[in-house]
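This briefing goes through the fold of one protein chain. Please keep the sequence and the model at hand while reading.

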Amino acid sequence: METPGIASPLPDCWVVGHGLLGAALATSLRCAGTRVLTLDLSAPADVVGDAADEAVLQRALHLQVPQVVFCCQATGGGSPADYRRAYVDVVRRLTALNLRVVFCSSVSVYGAASGAVDEAVQPVEPSERARILLEAESAVRSSGGIVLRLAALYGVGRCEVLRRHLAGEPRLPGQAERILNYVHTDDAVSALILAAQNAAPGSCLNVSGESVRLEELYRQLTVATGVPSAAEPAPISLRGLSDRLIESARLRKLGWKPQMSLRRFAEHFADTFGTDAT
């Protein structure tokens, strides 16, 4: 899959968080001619340090003053304290500097909401981590920034459901009709850029490239890879069992058209996971 194109370069940008999504975003922006400064806790970011630290931000500002800051940081399932520092503390620092923020949130903020879910749906019994994300979202939107709530992200080198399938590990838990939502890294990148260029200040947009029922997902993975799915399901995790169809109508109205599906991804990239499963 090619790197998403950009109709015209964005002004100078920061990308905070240089993981799977942030690195892909920075590459795409640079290819389009945008000057980009990356910040992360570890190399190879341009500025290495904690973006919740004022001194780190001042060091970055000395190198480049951005007109847009993309917040793509992740905690890797950290504690609520990790979430607060990575999300709330960072966006409050950025907005206090009057920087325009495009913030990557998660559809997990909807909590136990079920059925078709658009941005107007109020979260139902969100977890403590989801409440922290909502607090960060509120700070971004009140400053005129933009929030994107991403479905489960996958890309080259990271696709947990495909990795588990190829390794013969237990299937995801839940009934056959349970709905799962995914978005490929490149499609998420194109959504972020499109939103930065066209979304109104204070906007909140869902980003889901594909919604698929559990039974259909495993049927597609089996067809794509030739590997049968495991017979038994995995136990329910601390994240619970979401069963919602994430609608991205606002983003699609701006012209967003996701290009990748899990089946296509499995057909083209299954061999990159190096499994010994048969």
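Cys71 stands opposite Phe103 in strand 5. Strand 5 (residues 101-106) pairs with strand 4 in the parallel sense, over three bridges; strands here are DSSP runs of E with at least two residues, helices are runs of H or I with at least four, and both are numbered from the N terminus. Two strands count as paired if DSSP finds at least two bridges between them. The model is predicted: local features need pLDDT of at least 70, side-chain atom pairs count only at pLDDT 80 or more, and totals for chains, interfaces and linings use all residues. Residues are numbered from 1 along each chain as its sequence is written, and side-chain values use heavy atoms, with hydrogens and water left out.

- Strand 1 and strand 4 (residues 68-71) are joined by four bridges and run parallel; the bridge partner of Trp14 in strand 4 is Val69.
- Strand 1 is also parallel to strand 2 (residues 36-40), again with four bridges, and Val16 has Leu39 as its bridge partner in strand 2.
- Both faces of strand 1 (residues 13-16) are covered, with Cys13 and Val15 buried on one side and Trp14 and Val16 buried on the other. Buried means under 20% relative accessible area, exposed means over 50%, and partly exposed lies in between (1.4 Å probe, protein chains only).

- Strand 1, helix 1 (residues 20-31) and strand 2 form a right-handed β-α-β unit. Right-handed means that, with the strands pointing away from the viewer, the path from the first strand over the helix to the second runs clockwise.

- A sheet of three strands is open, has the order 8-9-11 and shows mixed pairing.
- Strand 8 (152-154) and strand 11 (210-213) each have a single partner strand, so one side of each is left without a neighbour in the sheet.
- From one strand to the next, the twist averages 40°.
- Three bridges connect strand 8 with strand 9 (residues 179-184), and the two run parallel; Leu153 has Val183 as its bridge partner in strand 9.
- Helix 6 (residues 185-198) packs on this sheet, touching strand 8 and strand 9, and its direction makes about 75° with that of strand 9. Contact means heavy atoms within 4.5 Å.

**Arg59**
- Arg59 is in helix 2 (residues 54-63) and is partly exposed, with a relative accessible area of 42%.
- Leaving out residues up to four places away in sequence, Arg59 touches Val47 and Val48.
- Between Arg59 and Leu172 there are 113 residues of sequence separation and 44 Å in space, C-alpha to C-alpha.

**Whole chain**
- The protein chain has nine helices and 12 strands.
- Of its 278 residues, 49% are buried.
- Its C-alpha trace spans about 55 × 40 × 35 Å along the principal axes.
- Among contacts with a separation of 6 or more, 78% are between residues 24 or more positions apart.

Notes. Axes are lines fitted to C-alpha atoms, for helices over the stretch in contact, and angles run from 0 to 180 degrees between N-to-C directions.
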